[in-house]
Amino acid sequence: DPNFATLLHSAPILMIGDDHELWNNAPFHQWQICKTYSDQGRKDWTKVASDLYSAFQYGRTDAATPGRATTQFMLPGLSMLAWDRRFERTRKQLASAQAFQELSQFVAQVAAGSDQHGALAVMFMGSSLFSGNQNFVKERFVDKEPADYGEDYKRLWNILTGAGVPVLVVGGDIHFSRAMAAVHPTRPPVY
């Protein structure tokens, strides 16, 4: 609908996808959702949900850049990145190499501009960065948290703590509010 696209383009919109845009705990199968039992069923739902999400994020389904894992919004002194890892994660991979590369480029870009007018990097992601590892049963049959991805989780933390500027991470899908900080003796904090 062109009128809807015009409405969405009339003001900045930055949304972050979550597993619920696909189905609860996507991309993993759920016993109560028959369509998720098969690989084809999950692929079909992912395609439809991704198209609908893109229609809201970009105002039309053909506007998303294929292979792009992030959306960025940059202002002087404040830079925001939506890290849409929920649409691409797998049982073994938190995010694609492309998503990690885009995150690294984002924090480097923010740090490079921080000398002129200060900087704060804000990263939105669909789950909590500060969640702990799950037990095997919950990880295998319910959902996985970022910490359950081992090396990918370490890589994520290395990028964020190596940014050279403070990073505020806004996470979702935890169903309650909390504020936390990771403070390193020689690096800017991650909140």
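Tutor: D39 and R42 both lie in helix α2 (residues 39-58), three residues apart, about one turn of the helix. Helices here are DSSP runs of H or I with at least four residues, strands are runs of E with at least two, and both are numbered from the N terminus. This is a predicted model: local features need pLDDT of at least 70, side-chain atom pairs count only at pLDDT 80 or more, and totals for chains, interfaces and linings use all residues. Residues are numbered from 1 along each chain as its sequence is written, and side-chain values use heavy atoms, leaving out hydrogens and water.

Student: What do D39 and R42 form?
Tutor: A salt bridge, with the closest N and O atoms of D39 and R42 2.4 Å apart. The term means a side-chain nitrogen of Lys or Arg within 4 Å of a carboxyl oxygen of Asp or Glu.

Student: Is R42 buried or exposed?
Tutor: R42 counts as buried, at 17% relative accessibility, while D39 is exposed at 52%. Buried is under 20% relative accessible area, exposed over 50%, and partly exposed in between, with a 1.4 Å probe and protein chains only.

Student: How many salt bridges in the whole structure?
Tutor: Four. Among them, D51 pairs with K47 at 2.7 Å between the closest N and O atoms, and these two are four residues apart in α2.

Student: New topic. What order are the strands in?
Tutor: The open sheet runs β1-β2-β3-β4, with mixed pairing. Strands pair if DSSP finds at least two bridges between them.

Student: And which strands stand at the edges?
Tutor: β1 (70-75) and β4 (167-171), each with a single partner strand, so one side of each has no neighbour in the sheet.
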